[in-house]
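Subject: Structure handover

Hello,

Here is the structure you will be working with. Please open it next to this email and follow along.

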Amino acid sequence: MTARGGMGFLSTVTEGIAVAFDSIGANKVRSGLTILGVTIGVLVVMVMAAAITGINKSFEDAMSPNGVETFYVAHWDFTSGGFGGGPLGEEEPDLFRNKPLDPRWARDLGRIPGIRSASPFVELTGDFGPGAFEASVGSDRVEISFYGVGADYLEIYSGDFISGRWFTHPEAERRAPVAVIDSTVAADLFGSLNPLGREIRIGEGSRGAMFRVVGVYRVPANLFAGLASHYVWVPFASADKLLPVWDRAVSIIVRPEPEADLQMARDATHARMRQLRQLEPAEEDDFAVLTQEQLLNLWGQLTNVLFAAMLGLSSIGLMVGGVGVIGIMMISVTERTREIGLRKAMGGRRRDIMWQFLVEAATLTLLGGATGMLMGGAIVWVVNALTPLPAVVPLWSIVAALAASVLTGIGFGLYPASRAAALDPIEALRYE
């Protein structure tokens, strides 16, 4: 039983919710403006969380064809942040201090027991110089994402051929000027013509060379394939011979045998690389063996920056909504001063009055949060329908958004609620 004039917890909550909806109905514009900040804050949380989750999933999908067992040898550890080494200006960064990898070392790594294949690899774009990596046929030209790879590239990466084939091991060994292009390059440079057997120029002027198209390839579908286009693949040895390949962009892709112990394969590769680098036992590595997990962790660090920005933006929205809650609740306290005085005169407890106003404030912000959640869900649906981003609303973002809405109402409603609970019943009854 409750004390005379007191209310049970359930009754307090129920009445607080009812009063909140009555207040919203009586003051639609004022209430709408009050919860707008909360709505925007929750909307930002929903959309950003869905976008970050979708981007992470796309990155994992883009990496998954490689297999978790695939790893890379690079001449510096680009997953450690910056360019490696000490601060720029104080110590030469690893990117420039470490010697580039010798592509011929791929053969040595491929002979290690438990290693299925090892191939040199380079990825370059037009950012490395005007016209350096563009493809052209006559006056038609497009900027490309250029890859110099091994003949066994398709054993590591999946995809589909639209027409033609991949270049062969003999072609790669004799540095044949052959190329595989993607469908966008084929459409932009050849239109409706069959590109197989035709020549394209990669690079510009003396920096370029002619290559014969032997295949049209479609990369695996994912967000990053959708954002980028115009891919061209050539044998690494051909690129190294005919084009201005930056040696510091060269790495080696290593794929162990399916039944091999991955850690042993990586350790053996690391030991062989130290021999090839002619390092003494006390000398530090001037190369890096990078796993898929390290690359995923690096990507996670980048998306954490987006997550921090999301929290900042949503916090501003919730803060604006909270200030609005203080304003509308103080007005509510003023309008209901006589009611509060009557209840206290009849034995109403301070905590019942305080809880009622807190529930009213939390209901307002929860309604704003629910509105933001519905709007965010609609935006995510549109993004999924119209873009290649597989946006997914994670369950934690829904729980966090609703919890933040309620806590905003309680936190910012605490001052008006305490003012209501502290009113003197005599003075409140005299209030006009």
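Below is what was found, from the whole chain down to single residues.

Two points on the source come before the findings. This is a predicted model, in which local features need pLDDT of at least 70 and side-chain atom pairs count only at pLDDT 80 or more, while totals for chains, interfaces and linings use all residues. Residues are numbered from 1 along each chain as its sequence is written, and side-chain values use heavy atoms, with hydrogens and water left out.

**The whole chain**

The protein chain has 14 helices and 12 strands. Helices (H or I, at least four residues) and strands (E, at least two) are DSSP runs, numbered from the N terminus. Of the 432 residues in the protein chain, 46% are buried. Buried means under 20% relative accessible area, exposed means over 50%, and partly exposed lies in between (1.4 Å probe, protein chains only). Contact means heavy atoms within 4.5 Å. Take the contacts between residues at least 6 apart in sequence: 78% of them join residues at least 24 apart.

**The core**

The largest nonpolar core has 26 residues. Such a core is a set of buried Ala, Val, Leu, Ile, Met, Phe, Trp, Tyr and Cys residues, joined through side-chain atoms within 4.5 Å. I144, I181, I200 and I202 have the most contacts inside it. Several elements each supply at least two of its residues, among them the strands β2 (115-125), β7 (178-182) and β9 (209-218) and the helices α6 (183-190) and α8 (236-242).

**Aromatic rings**

Rings of Phe, Tyr and Trp (its six-membered ring) pair if their centres lie within 6.5 Å; planes under 30 degrees apart count as stacked, over 60 as edge-to-face and the rest as tilted. By this rule there are 10 aromatic pairs. One of them is F161 with W166, edge-to-face at 6.3 Å centre to centre and 75° between the planes. F161 is partly exposed at 31% relative accessible area. W166 is buried at 8%.

Y217 and W233 also pair edge-to-face, because their ring centres are 5.0 Å apart and their planes stand at 90°. This pair links distant parts of the chain: Y217 is in strand β9 and W233 in strand β10, 16 residues apart. Y217 is buried, with a relative accessible area of 2%. W233 is buried too, also at 2%. Ring pairs link F121, Y147, F161, W166, F167, Y217, Y231 and W233 into a cluster.

**Helix α12 and its partners**

Axes are lines fitted to C-alpha atoms, for helices over the stretch in contact, and angles run from 0 to 180 degrees between N-to-C directions. Helix α12 and helix α13 (residues 395-421) pack at about 145°, with axes 7 Å apart. Their contact has 17 nonpolar, seven polar and one charged residues. Here Ala, Val, Leu, Ile, Met, Phe, Trp, Tyr, Cys and Pro count as nonpolar, Asp, Glu, Lys and Arg as charged, and the others, Gly among them, as polar.

Helix α11 (residues 337-345) crosses α12 at roughly 145°, and their axes come within 10 Å. In this contact, E339, I340, R343 and K344 of α11 meet R350, D352, I353, Q356 and F357 of α12. They divide into three nonpolar, one polar and five charged.

Where does G377 sit? G377 lies in helix α12 (residues 350-386). G377 counts as partly exposed, at 30% relative accessibility. G377 and L43 are 334 residues apart in sequence, yet 8.5 Å apart in space, C-alpha to C-alpha.

Best wishes
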